[in-house]
Amino acid sequence: MRLIIYSLALLFCLFPYTQILDLDSYTQPYAFLLSIIASGAAFARLRAYFPARDAIALIALAFTGLMGFLISSGTNPTFSELRYLLIYVSPVVFAFASFGIAIEYPRAADRIIVFATLTWMAVGIIQTVIDPSFASQFVGRFSAAAEVVVESGRGTLGLAPEPTHFGFHMIILAAALVLMGGRNWLSLACLVTALIIARSSSAALALGLGALIYLVIFGGRARWLLLLVVPFYFMIGLIVEAHMLPQNLRIVQLMTDFYQDPLYPVLSDASANQRLGGIYVGAKQIIVQGFMPAGMSEETWLDLIGPIMAANPWLIMLSEAGVPSGILIVGFQLGLFGLIPLIFILYRMLSGLRSHYETFLLCTMVFVFFSQYMISTPGFGVIYGMVIARRLYAARAAENSNRAAIPTRRLIAAT
C-alpha cells in the first residue's frame, strides 16, 4: 500500500501541470495532497534516516512562511497570498515524500522517472512533428495557446502551459534521472528536448548560466574553459553565417540574435528579459530593504511595480504575481528570516555530489529556481529529497566498504 501511495505522489509530482479538474492555476494540487499522505507513510524512515539539520531547515522555512502569512494576511487572505504560503510549505512536503520513495523503493522511483521522461519527450515530439495540440487538453484552459505558440515561432507546450515551463521541467527530469538511476544519456536527451523541442530561450539561458556557475564554483582546473567564451562566440557566428542549421528553429534564431547583439537576450527577448530582470530586481529590492521582510501582502509588490519599471526602462514587463524569482521572492517577503534556511537548503543541494555532470545539472536547476519558477513547484522539493537520499546511499556504501576491509587488514597484520 505504501508503494502505491509513494508512486502516485511521485507520478503527480513529475506531471505537475496535468489537470483533472479545470483549475485557474498552472500547477495542480494533487501532487501536494498525495505528498502529504506519502510523507505520513514515510514517517518512520524520516525519523530514522532524514538528516536532522535538513529537516530543521525545511521546517524552519515552512514555519517562517506561516508566521509571515499570518502577520501579513490575517484572516482574509487573497488567492495570491495563499499561493505565497505554498512557496514555504511545499518544499518540506515534497522533499519528505521524495526521500521516502527514494529510500524504500529506489528501483520503482527510477522506473517512474524514466516513464515520465519518455512520456514528456514523446508528447513533445508528436506536437512538433504531427499536431501541436496533441495531449494539450491535459493542461486545461491553457491548451488554447498550443497552436498560437507554435505559429509564433516558439516551441511546443509538451504537457506544460508554456514552452518555458516545458524546458525547465525537462532540466528537472534530467537531474532526477542522474540522481536516482545514474542515467546520463537519457538525461542528456532531456536537455536536447528542452533546446530543440521546447525551444525555450529561458532553458537555453539556464543551461548556459548553470554551466558558468558550475565552472566558477566547482570547476577546479576546468575553470580554464572560461577562456573559450570568446572563441565560442565566434563559433556561433560561423554557424549562423554559414547557415549550417535550419533557420526555422528557435535556437538558431536566438543564436543569430545573440551573435548580432550579445545583449539581445536581456533587452529584447521577452522571456529572458523577464527572468533575468526578475533576478536583478529581486536582488536589488532585497538590498534596498536592508534584508528586512516586506511581508506577504499582495498589495506590497503591486505598489512597487510602477516605480521599478520607471527606474528600469530596459524591463519589458514585470509579473504582478510577486517578485519574478522563485528564490528571491523569499528574501523579498521574509528577508533574512526566510533566506537563512533557504540558503542552507541550496548549500546542501549543491554539496557532496558525485560527478561533474551531476553538479552541472544541479547548478542549472538552482538557476531555474532563481528565475521565475517558484520553489512551490514539486521539482524543487523532489530533487532535494533525492539528493539527501543519494547522499545516504553513498554513506552506507562507504560504511559497508570499510567493514569489508577490516578483516582483510587484520589478516594482513597477522601475516
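The expected span of a helix is taken as 1.5 Å times one less than its number of residues, and helices (H or I, at least four residues) and strands (E, at least two) are DSSP runs numbered from the N terminus. On this basis the 15 residues of helix 17 (residues 336–350) should span 21 Å, which agrees with the 20 Å between its end C-alpha atoms. The structure is a predicted model, in which local features need pLDDT of at least 70 and side-chain atom pairs count only at pLDDT 80 or more, while totals for chains, interfaces and linings use all residues. Residues are numbered from 1 along each chain as its sequence is written, and side-chain values use heavy atoms, with hydrogens and water left out.

The secondary structure of the chain consists of 19 helices and 0 strands. Of its 415 residues, 52% are buried, where buried means under 20% relative accessible area, exposed over 50%, and partly exposed in between (1.4 Å probe, protein chains only). In helix 17 the buried residues include Leu339, Leu342, Ile345, Leu346 and Met349. An α-helix has 3.6 residues a turn, so residues three or four places apart point the same way. Glycine 352, with a positive phi near 70°, follows helix 17.

Salt bridges, defined by a side-chain nitrogen of Lys or Arg within 4 Å of a carboxyl oxygen of Asp or Glu, number 5. One of them joins arginine 2 to glutamate 104, at 2.9 Å from N to O. Arginine 2 belongs to helix 1 (residues 2–14) and glutamate 104 to helix 5 (residues 79–104), so this pair ties together parts that are 102 residues apart in sequence. Arginine 2 is partly exposed at 33% relative accessibility, whereas glutamate 104 is buried at 16%. A salt bridge also links glutamate 104 with arginine 45, at 3.9 Å from N to O. Since arginine 45 lies in helix 3 (residues 43–49) and glutamate 104 in helix 5, the pair ties together parts that are 59 residues apart in sequence.

A further salt bridge pairs arginine 183 with aspartate 110, their closest N and O atoms being 2.7 Å apart. Arginine 183 is in the loop between helix 8 (163–181) and helix 9 (184–197) and aspartate 110 is in helix 6 (residues 106–129), so the pair ties together parts that are 73 residues apart in sequence. Through shared partners, salt bridges join Arg2, Arg45 and Glu104 into one network.
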